[in-house]
Every structure is written in structure tokens, then in C-alpha cells.
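Trainee: I would like to learn how to read the features of a model with two chains. Please take me through one.

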2 protein chains.
Amino acid sequence: MSGYDVKCALETIVGHFWHESFGQIYPILRQLVAEGLATVDTERAAGRPERLVYAVTPHGTEELNRWLSEPVEHHQRPRHELLLKLFFGASIPRDITLGLVARRRQEVEALLETYGEIEAELLHDSVADDAARPFWLATLRYGQLTAQATLRWC
Amino acid sequence: MSGYDVKCALETIVGHFWHESFGQIYPILRQLVAEGLATVDTERAAGRPERLVYAVTPHGTEELNRWLSEPVEHHQRPRHELLLKLFFGASIPRDITLGLVARRRQEVEALLETYGEIEAELLHDSVADDAARPFWLATLRYGQLTAQATLRWC
DNA sequence: CTCGGCATGTAAGTGGTTACATGATTCG
DNA sequence: CGAATCATGTAACCACTTACATGCCGAG
């Protein structure tokens, strides 16, 4: 993939649980090549800009699988703004606090809807290879369950 | 409170949904004074270190309440390492992926237990003033519901 | 001819952590 | 005596975002 492709893939496929900016992607791709974890190839096609297409090396695959097997370390430090505001809910008018929660409810309802669309795609299409599909569905299920819990909480 | 007190309060009371380091707290307290949102007072008690005790001004309270009323803007950019690893679960041995999930289950089970203890404290003690208690319980309930959802997902 | 998509990159800045420096006191 | 707690602060560093610079192409 090119760096641009990586960004698109990130946004469309794993966008609900991961993100990365160009400022991160481009320097890191270069670094991966320097470390022998990937190779680059310049692609020139008529009628489109030049692309730097990266491919993972065997060593890169090895390192990736090693990382995938490692226990999850970097738990995101908690910063839940809505809960913080709610914690001090006693000092502002009731209807404003209720408004904050109502807004969140709307957001999560919309989220659940898009999750439904993603589910339909995953189930009916032959998008992913069959080996990966159950895992993709598992990440989706996580989103659905926690979103439903948030909804009940609202 | 002193900066030290703020850190302790953060950790013990809202630690499950917010954090702040000393490197943030001390400079910001000073800044608050410069902006007229707080005042400082040096407290010297025999047999203990000098403390800088901060107090919020009327203007500070006003600003706080304004912020509390504002809609939540800064959603944490998603970075869910477990889901990302699971997404690529097809490329590593099954038992390793299952181990990652089992580990998460244990963590969340422990979390639910501590939530239970916090609930008991909130219900039986006269810890908080009565006006704040329902809001504190609401933040707790959020943690409990999403933790239970995560558990079911595991 | 402009806008949006494709494509790469960097520089400046931000937001935050970590580690360290300092020092008093209390408790085992 | 050493360790833990109370207490304040800073400097170095890191991870990351934002905004910008550049340019090509096709569609409207």
C-alpha cells in the first residue's frame, strides 16, 4: 500500500477503534524500510500522481505477529469528558445536564445504525477472506455491545 | 486544595474516568491564579512541609459552570489496542488470541468488583453531599454497564 | 477554471508524561 | 536507619496533530 492507502484503509475499516494521521504514517513507513520490515517501490501510472508502494518483508510479518501475540499494555489513560461533567452535575441546572446526556444518546443511536450497516456488509459480501471474517465480526460486536450499554445508561 | 491534594482527589474519586499528572497540575494551578480564576495561600503548619493552598474565585466558579454546560467536544480519538490485535487474529495461533481476551475478562471482572465496593461506600456513607450523590452514582453506573457489556463480549 | 480526489511530505506547535531534584516528617 | 508520605516543581522528552506546501488529474 501507499501511505495514502493506509490512511483510507484505517478510516474505512478500523476507524471505529483506531486512527493515525499522515504526520505519523509517512515517517513511520520510511522508518519501517530502514529497519528492513518493509520495502518500497515507486509506481508510475499514466494520468495519476507518483505513488510509493510499500510491502511487508518476511521479517516485518514476523515482527507484526510477535506484536499481535504480546499482551495489551498501553491502556488508554482515561479521559471521559461527559462523565467528568456529569460528576459535577449538581452545580449546574438540571436540564443542561440532561441535554448533555440526550446528545450522547443521539450520537450512540447513530453509531449503532452504522454498525448495523457494517454488519450487513460483513455478512453478505465476500469482502474479507473467510479466515478473517469472524475476527472482524468480533470487533464489531464489541462496538455494538458497549454502544447498547451506553444507550441503556443514557 | 494544594496541587498534591488535587492529584490524590483525582486518583481516588474520579480516577476511573479522568487523570492528570503533576506536570500538568502545578503549572495550570499557577495559570489559574494569573487569570484570576483562583487564589493561592501559603500554609505553614508545624511538622509538615509548606503547602500552597488554592481556592476558586467567583469568576472561577462562573467559568467552571460555563464549561460544565458546554457540549462535550473532545472525544478521545479511538485507540483500542485489543480490538486492533483481534482484527488481525486470523494470522496468529488461536490460543494466543483467546489468551488476550481471557486476560481482558479478568481485568474487567476485577474492575466490576471494585465498582461494587465504591457503590457500597456511596450508598452507605455520608461521603458526598446529598445533591452530588445521584450524579456520582450515575458515573459509577456507566462504568458498571459498560464493564458488564465488555464481560459479555469476552 | 475550479473543486475534489490522489499523493507526499514537513515544520511548528501542543499536550502530555517521565524522570529527576529537593526536602521535611513519621513510622516501623 | 530506611522507607513511605507529604509537598513542589522543572527539564527533557515523546507522541501526535495541524497547517501548510506542492502538484497532478478528471469532472462538472
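Trainee: Into which domains is chain A divided?

Mentor: This is a predicted model. Chain A has domain 1, covering 3–69, and domain 2, covering 81–153. The centres of domain 1 and domain 2 of chain A, taken over C-alpha atoms, are 29 Å apart.

Trainee: How do I read the size of an interface?

Mentor: It is often expressed as the accessible area that is lost when the parts come together. Here about 6000 Å² is buried between chain A and chain B, and carbon and sulfur atoms give 67% of that area. In terms of residues, 56 of chain A are in contact with 56 of chain B.

Trainee: How many salt bridges and polar contacts cross the interface of chain A and chain B?

Mentor: The rule finds two salt bridges across it. One of them joins the side chains of Arg79(A) and Glu20(B), at 2.5 Å from N to O.

Trainee: Which helices of chain A each supply at least two residues of the side that touches chain B?

Mentor: They are α3 (58–69), α4 (81–87), α5 (94–124) and α6 (133–153). The most comes from α6(A), with 12 residues. By type, the residues on this side of chain A are 28 nonpolar, 15 polar and 13 charged.

Trainee: How is the relation between two copies described?

Mentor: In general, a rotation about an axis and a shift along it relate two copies of a chain.

Trainee: Why do the copies meet through the same surface?

Mentor: Because 100% of the interface residues of chain A are interface residues in chain B as well.

Note on methods: Residues numbered from 1 in each chain as written. Chains lettered and ligands numbered in written order. Predicted model: local features only at pLDDT ≥ 70, side-chain atom pairs only at ≥ 80, totals over all residues. Heavy atoms only, no water. Contact = heavy atoms within 4.5 Å. Buried area = accessible area lost by both parts, 1.4 Å probe. Salt bridge = Lys/Arg side-chain N within 4 Å of Asp/Glu carboxyl O. Helix = DSSP H or I, 4+ residues; strand = E, 2+ residues; numbered from the N terminus. Nonpolar A, V, L, I, M, F, W, Y, C, P; charged D, E, K, R; others polar. Domains from an automatic or database assignment.
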